[in-house]
Amino acid sequence: MRDMLVFLLFIGVLPACFLRPWFGLLAFTWLAYNRTHDLAWGFAKALPISQLIAVFTLLGWILWEFTPLNMKDRRMKAMVMLLAMIGLSILCNTLRLDAQLDRYTDLVKIILIALLTATFVTNRDRLRQILLCITFALAFYG
């Protein structure tokens, strides 16, 4: 029962993530901090729900709300430079390349969502919304 509830909740959110990428980012943030799918015991625990929400959010961002990534900020440039430097160091070191590339793809996903978050948080209201989402996600267990 719990699996079906978690599954239906987050599969039902996917169209909203596609049509409203900001809502998709809030849903992804909720899952990142709350880990709701870990409360399930069956099939929903192993589903890549976060990845689905991230893909639908990225597709919605590209199709509906595309604004270029804000690369004017030096912190954004530093994240991209860090990603490039780590990628270069992985290419220079071929020891256990397969394991390093798996971890590197995880890092690329994390940096991409961080860049997308910085692009979406454009005003005080959105900052407040994402902070409330993080607060409620953590307060759920409190």
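Which helices each supply at least two residues of the lining of the largest pocket? Helix 4 (49-63) and helix 6 do so, helices being DSSP runs of H or I of at least four residues, numbered from the N terminus. The model is a predicted one, in which local features need pLDDT of at least 70 and side-chain atom pairs count only at pLDDT 80 or more, while totals for chains, interfaces and linings use all residues. Residues are numbered from 1 along each chain as its sequence is written, and side-chain values use heavy atoms, with hydrogens and water left out.

The largest pocket holds about 300 Å³ of space, a volume being the space filled by probe spheres set on grid points that are joined across faces, edges and corners. A pocket here is an open set of points on a 1 Å grid over the protein atoms alone, where a 1.4 Å probe fits, with protein on both sides within 12 Å along at least five of seven lines, and lining residues have an atom within 4 Å of a point. Among the lining residues are Phe 28, Gln 51, Asp 106 and Leu 112. Leu 112 lies in helix 6 (residues 97-120) and is partly exposed because its relative accessibility is 33%, between the limits for buried (under 20%) and exposed (over 50%), with a 1.4 Å probe and protein chains only.

Five aromatic pairs are found in the whole structure, rings of Phe, Tyr and Trp (its six-membered ring) being paired if their centres lie within 6.5 Å, and counted as stacked under 30 degrees, edge-to-face over 60 and tilted otherwise. Two of these pairs are tabulated below.

| Pair | Centres | Planes | Class |
|---|---|---|---|
| Trp 61 and Phe 66 | 5.0 Å | 45 degrees | tilted |
| Phe 140 and Tyr 141 | 5.1 Å | 80 degrees | edge-to-face |

Trp 61 is buried at 8% relative accessible area, whereas Phe 140 is partly exposed at 48%.
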